[in-house]
Amino acid sequence: MFPIHTGQPAQFTSPLPASADVVVIGGGIIGVMTAWELAKSGVQAVLLEKGRIAGEQSSRNWGWIRAQGRDIAELPIMLEAQSMWADIAKDTGDIGLRQTGTLYLANKPDELARYQSWLDDAAIYQVSSRILTGAEVADLLPTATRRWAGALYTPTDMRAEPWVTVPACAHAAAGAGATIIEDCAVRLLDLESGRVTGVMTEKGMIKTGAVVLAGGAWSSLFLRRHNVHIPQLSVRASVALTAPMPEVYAGGAVDNRLAWRRRDDGGYTLAPSGFHELFVGPDAFRALRRFAPQLIKDPLGTRILPVAPTGYPDAWGTKRRWAGDTVSPFERMRILNPAPNKAKVAKLARDFTATFPALGPTRINSAWAGMIDTMPDVVPVVDTCDAIAGLTICTGMCGHGFGIGPAMGRVAARLATGQDTGHDLSRFRLSRFSDGSRLVLGPNL
């Protein structure tokens, strides 16, 4: 069941091959889809995961597949992903894929103005999104006691069950020819004259000329070991799962207090709206100046905690230097499994009950947390690395990775093999943090 943890037996235990065309580091949605895309195109791909497939944020997210509210530069990639999801469900079985729509509920007219501004920018892509009046929202959520000024609504958005989806995609990737190995951390890149020639894993060396790093919250730590720096923060986000309850809305919705999403088991996934917790460590301390605009724009949305738990990617005691023949931080913590914020979980239950009292008391069956890897401008890094030839980086999805994952995996696969991605990736370039460019924040919807 959920969450995925190291107590569950490994499902992917292939022996370590001597070589590969491309090695993918990280078994989340991005890494899995990259390996699948490579395998389908006949490329010998090896995916290495230090713990379990989807053990971290890729199984802990809300399960939303949304174009709504995306950064405009992400929209064409997201629309490609949405076109891929139906085929993914055909190839993997029942992953809970449903087209149910997304609602961003507005309490005040100025929120609706922000939604309209996004909608104006997104019009070029002919999205299905539209603004709903307060009366239309009331018709859509008739049992709610709250009344909203209106909403941004995208009926073509979808949902799926992430802890089912990502392992199912991994099995499909393996069926297409990808080699997937769990409990196999990549310690270092093997480099010659600034070029990738292999990866050193805890189980030995794999020779390769191309690597895709899709390490989520661990990416910054891995890159720093190779003197490549990205200002990545990892923030804790708590989520709760309710007992089965009657349906109030089939899709995902969010207002200023909480987000909820109907689930196939009859319950709801609940999360606080706009609230995250940042554990400050050495990398975060160095990067905070970059993140100041985010924090100033939303000063109450992030709670800053001075010390990360032992073993976290940016804990003060986590090693920043290690050798290829010694145990790395990635092996010391197979799955990053933060404890949820209990006070926030209790408040989620109260807020959901207050919004839909006709459902009766909200019973929380379980709660968990994930570490979201985020960037200062709230868009990812998707780029080849100039400093290390053969390295492609696809990380920093900022909590938006699940829905866009299929297309981002396709983009990463094409980057790694020198193909045209079909998309303008300039917004996601690695050099934006070092070339003097002004960082432009993504949508704050």
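How much space lies in the largest cavity? I looked this up first. About 530 Å³ of space lies there.

**Ground rules**

I am working on a predicted model, where local features need pLDDT of at least 70, side-chain atom pairs count only at pLDDT 80 or more, and totals for chains, interfaces and linings use all residues. Residues are numbered from 1 along each chain as its sequence is written, and side-chain values use heavy atoms, with hydrogens and water left out.

**Cavities**

Rolling a probe the size of a water molecule over the atoms shows where empty space is left. I took a cavity as a set of points, on a 1 Å grid over the protein atoms alone, where a 1.4 Å probe fits but cannot get out. Lining residues have an atom within 4 Å of a point. Grid points are joined across faces, edges and corners, and a volume is the space filled by probe spheres set on the points.

I found three cavities of 30 Å³ or more. The largest cavity has 39 lining residues. Nearest its centre lie Gly28, Ala214, Gly215, Gly216 and Ala217.

I then asked which elements supply the lining. Helices and strands here are DSSP runs (H or I, at least four residues, for helices; E, at least two, for strands), numbered from the N terminus. Helix H1 (29–40), helix H2 (57–60), S20, strand S22 (391–395) and H11 each supply at least two residues to the largest cavity. H1 gives the most, with three residues.

I sorted the lining by class. Ala, Val, Leu, Ile, Met, Phe, Trp, Tyr, Cys and Pro count as nonpolar, Asp, Glu, Lys and Arg as charged, and the others, Gly among them, as polar. The largest cavity has 19 nonpolar, 15 polar and five charged lining residues.

The second largest cavity has a volume of about 100 Å³. Its lining includes Ala217, Ser220, Leu221, Gln232, Asp283 and Asp314. Helix H7 (219–225), strand S14 (233–242), strand S18 (276–279) and helix H8 (282–297) each give two or more residues to this lining. By class I noted seven nonpolar, three polar and two charged residues.

I looked at Thr34 in helix H1. Buried means under 20% relative accessible area, exposed over 50%, partly exposed in between (1.4 Å probe, protein chains only). Thr34 has 0% relative accessibility, so it counts as buried. Contact means heavy atoms within 4.5 Å. Leaving out residues up to four places away in sequence, Thr34 touches Val24, Val212, Gly409, Ala412 and Ala413. A polar atom of the Thr34 side chain lies 2.7 Å from the backbone oxygen of Ile30. I also checked Ala45: its C-alpha is 8.9 Å from that of Thr34, across 11 residues in sequence.

Ser219 lies in helix H7. Its relative accessible area is 0%, so Ser219 is buried. Not counting residues up to four places away in sequence, Ser219 touches Leu213, Ala214, Gln232 and Thr395.

**Glu80**

Is Glu80 buried or exposed? Glu80 counts as buried because its relative accessibility is 17%. Glu80 sits in helix H3 (residues 75–92). Beyond four places in sequence, Glu80 touches Ala407, Arg410 and His423. Its side chain makes a polar contact with the side chain of His423 at 2.5 Å. A polar contact is a pair of N or O atoms within 3.5 Å; within protein, one must be able to donate a hydrogen and the other to accept it, and residues adjacent in sequence count only if both atoms are side-chain atoms.

**Salt bridges**

I used this cut-off: a side-chain nitrogen of Lys or Arg within 4 Å of a carboxyl oxygen of Asp or Glu. The structure holds 28 salt bridges.

Arg70 and Glu74 pair at 3.2 Å, N to O. Both are buried.

Arg98 pairs with Asp94, with the closest N and O atoms 3.8 Å apart. Arg98 is partly exposed at 31%. Asp94 is exposed at 57%.

Arg432 and Asp377 meet at 2.7 Å, N to O. Arg432 lies in the segment after helix H11 (401–416) and Asp377 in the loop between strand S20 (364–374) and strand S21 (381–384), so the pair ties together parts 55 residues apart in sequence. Arg432 and Asp377 are both buried.

Last, I noted a network. Salt bridges with shared partners join Arg224, Asp283, Arg286, Asp314 and Arg320.

Technical notes:
1 Å grid on protein atoms, 1.4 Å probe; cavity = no way out; pocket = protein on both sides within 12 Å on 5 of 7 lines; lining within 4 Å.
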